[in-house]
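Hello,

Here is the structure I promised to pass on to you. Please open it first, and then read on for a short tour of what turned up in it.

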Amino acid sequence: RVLFRSWGGEIDTNRFEVSGKFGYVNPEIPYQSLGVQISYSNHEQISYFGLNLYDIHHESLYSNVVYNSIISDSRHKIKTGLNVTYDRYDETVNSELFDRQERSIGGFFEYSFDNLEALNLTAGVRVDHHNLLGTFITPRVHARYTPWEKSAFRVSFGRGKRAANIFTENQSMFATSRQINIINSGGDIYGLDPEIAWNYGVSFMQKYTVFDKKGDITFDFYRTDFQNKVVVDWENPQEISFYDLVGQSIANSFQVEINYNFAANFNVRMAYKYFDNTTDYKSGNLQKPLQPKNRFFANVSYETPLEDNGSQWKFDTTFNHIGRQRLPDTDSNPIAYQLSAYSNSFELLHTQITKVFSKKFEVYLGAENVTNIQQKNPILASDDPFGSNFDSTIVYSPIFGRTIYAGLRFKIN
């Protein structure tokens, strides 16, 4: 037999798109308008990843008619319309064929209120009929309120329903030796049911002045609750499984961001993000793999005063802290191909200096990953690329080390 030792892959994509927009504004009543949108795309991909083959032909047609007007005065706006979509998917995964046609027609209505001072509200609802997803309603609400000067409070919630394209959304799985396992639940798309989720969010922003310097602080919290989800399960290192959620899946995101102008042309931005994304897998309730719970970001930028001849110096430095990440379970692999349960946290530093000579010409020098962080052995079982333990997807930090670069910008006009 022939032994292959070198692994390779190739993606060949051809895509064609055409779109058009047509609109009419009532010359007697300018706030009344009618718009039509039409688009068509044809996407074809032929690819291989080692011994895995994945080809897809996707044809899509979208049309939309939108009417805008007001109720009584310009503070009360309405938008309504209809849309029709058609999608055809032909997929080949190794030797297995997956094809389907999706057709939908839907209508929507949206009301907006804006008093230009304290309150802005948008509330809408859609009703869609889909040949595979059935008939469903998706409401959404967004509101912005200014409780006091230089502040903004936002709230939003809504519902979403969609079909998961499990192969296109997880193409990295083809760069492994994992077997694809779809646990059929009787659904109409790959044997799976559509994903359904409720989304909620609140945000508060406050501008401030300290020592005569301006800044702002923002707090964000968002939550997604899945009624159903197509679970992508990497916990068996010999396979990747797709199945409908049994239990709970939630995603909570909290972020605080601070911006401050310390001095003229001297700005500081900092942000912290906490992301809790858990799902009930068949092996238990787990964090989403390769997703850090904690992130911290800081950026400092400074520009010297612009001289009469247009010359100027610019300095920019960015720091990132990436918290530890849960890694997919590899305990059933041979010891040489086992990984720890979590990655280590790490820090990244990027910096750049720019010299502006005029409005048309400037040069720059910079460095990425100054701390030279590099993941060792990012490809599992790289010494046996066609063996059962090969996996190139468990990448949680930079693969390449420190990069130093330089360049110039010249504006013709």
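Let me begin with a pair of strands: strand 12 and strand 13 (residues 239–244) run antiparallel to each other and are paired over four bridges. Within that pairing, Val231 has Tyr243 of strand 13 as its bridge partner. Before we go further, please keep in mind that this is a predicted model.

These two strands belong to an open sheet of three strands, which has the order 9-13-12 and mixed pairing. Strand 9 and strand 12 (230–233) are at the edges with a single partner strand each, so one side of each has no neighbour in the sheet. On average, neighbouring strands of this sheet are turned by 15° against each other, with direction ignored.

Next, have a look at strand 15, which comes up in several pairings. Strand 14 and strand 15 (residues 266–281) run antiparallel and are joined by 14 bridges. Here Tyr260 is the residue opposite Val268 of strand 15. The hairpin of strand 14 and strand 15 has two residues between the strands, and Asn265 in this hairpin takes a positive phi near 65°.

Strand 15 also pairs with strand 17 (residues 294–303), in the antiparallel sense and over nine bridges. Ala271 finds its bridge partner there in Phe297 of strand 17. A further antiparallel pairing, over four bridges, links strand 15 with strand 16 (residues 284–287).

Is Asn252 buried or exposed? With a relative accessible area of 12%, Asn252 is buried. Its side chain is joined to that of Arg223 by a polar contact of 3.0 Å. Apart from neighbours within four places in sequence, Asn252 touches Phe221, Tyr222, Arg223, Tyr274, Phe275 and Asp276.

The side chains of Glu59 and Tyr40 make a polar contact of 2.7 Å. Setting aside neighbours within four places in sequence, the contacts of Glu59 are Tyr40, Ser41, Asn42, Tyr86, Asp87 and Arg88. Arg15 is 44 residues away from Glu59 in sequence, and the C-alpha atoms of the two are 9.8 Å apart in space.

Now for the aromatic rings. The model has 18 aromatic pairs. One of them is Tyr54 with Phe167, a tilted pair with 6.2 Å from centre to centre and 50° between the planes. This pair links distant parts of the chain, since Tyr54 is in strand 3 (residues 52–71) and Phe167 is in the loop between strand 8 (151–162) and strand 9 (179–182), 113 residues apart. Tyr54 is buried, at 0% relative accessibility, and Phe167 is buried too, at 1%.

Trp148 and Phe204 make an edge-to-face pair, with 6.0 Å between the centres and 65° between the planes. Trp148 lies in the loop between strand 7 (134–145) and strand 8, while Phe204 is in strand 10 (residues 195–210), so the pair ties together parts 56 residues apart in sequence. Phe204 has a relative accessible area of 22% and is partly exposed.

There is also an aromatic cluster formed by Tyr208, Tyr260, Phe262, Phe266, Tyr302, Trp313 and Phe315. Elsewhere, the charged end of Lys229 sits over the ring of Phe226, 4.9 Å from its centre. Lys273 lies over the face of Phe275, 5.4 Å from the ring centre.

Finally, a word on backbone angles. Most residues other than glycine have a negative phi. Ser72, however, has a positive phi near 70°; it is in the loop between strand 3 and strand 4 (73–93) and is exposed, with a relative accessible area of 68%. Ala381 has a positive phi near 60° and is found in the loop between strand 20 (361–368) and strand 21 (403–410). Ala381 is buried, at 5% relative accessibility.

Enjoy looking around!

Best wishes

Terms used:
Residues are numbered from 1 along each chain as its sequence is written. This is a predicted model: local features need pLDDT of at least 70, side-chain atom pairs count only at pLDDT 80 or more; totals for chains, interfaces and linings use all residues. Side-chain values use heavy atoms; hydrogens and water are left out. Rings of Phe, Tyr and Trp (its six-membered ring) pair if their centres lie within 6.5 Å; planes under 30 degrees apart count as stacked, over 60 as edge-to-face and the rest as tilted. Buried means under 20% relative accessible area, exposed over 50%, partly exposed in between (1.4 Å probe, protein chains only). A charge sits over a ring if NZ of Lys or CZ of Arg is within 6 Å of the ring centre and within 35 degrees of the ring normal. Contact means heavy atoms within 4.5 Å. A polar contact is a pair of N or O atoms within 3.5 Å; within protein, one must be able to donate a hydrogen and the other to accept it, and residues adjacent in sequence count only if both atoms are side-chain atoms. Two strands pair if DSSP finds at least two bridges between them. Axes are lines fitted to C-alpha atoms, for helices over the stretch in contact, and angles run from 0 to 180 degrees between N-to-C directions.
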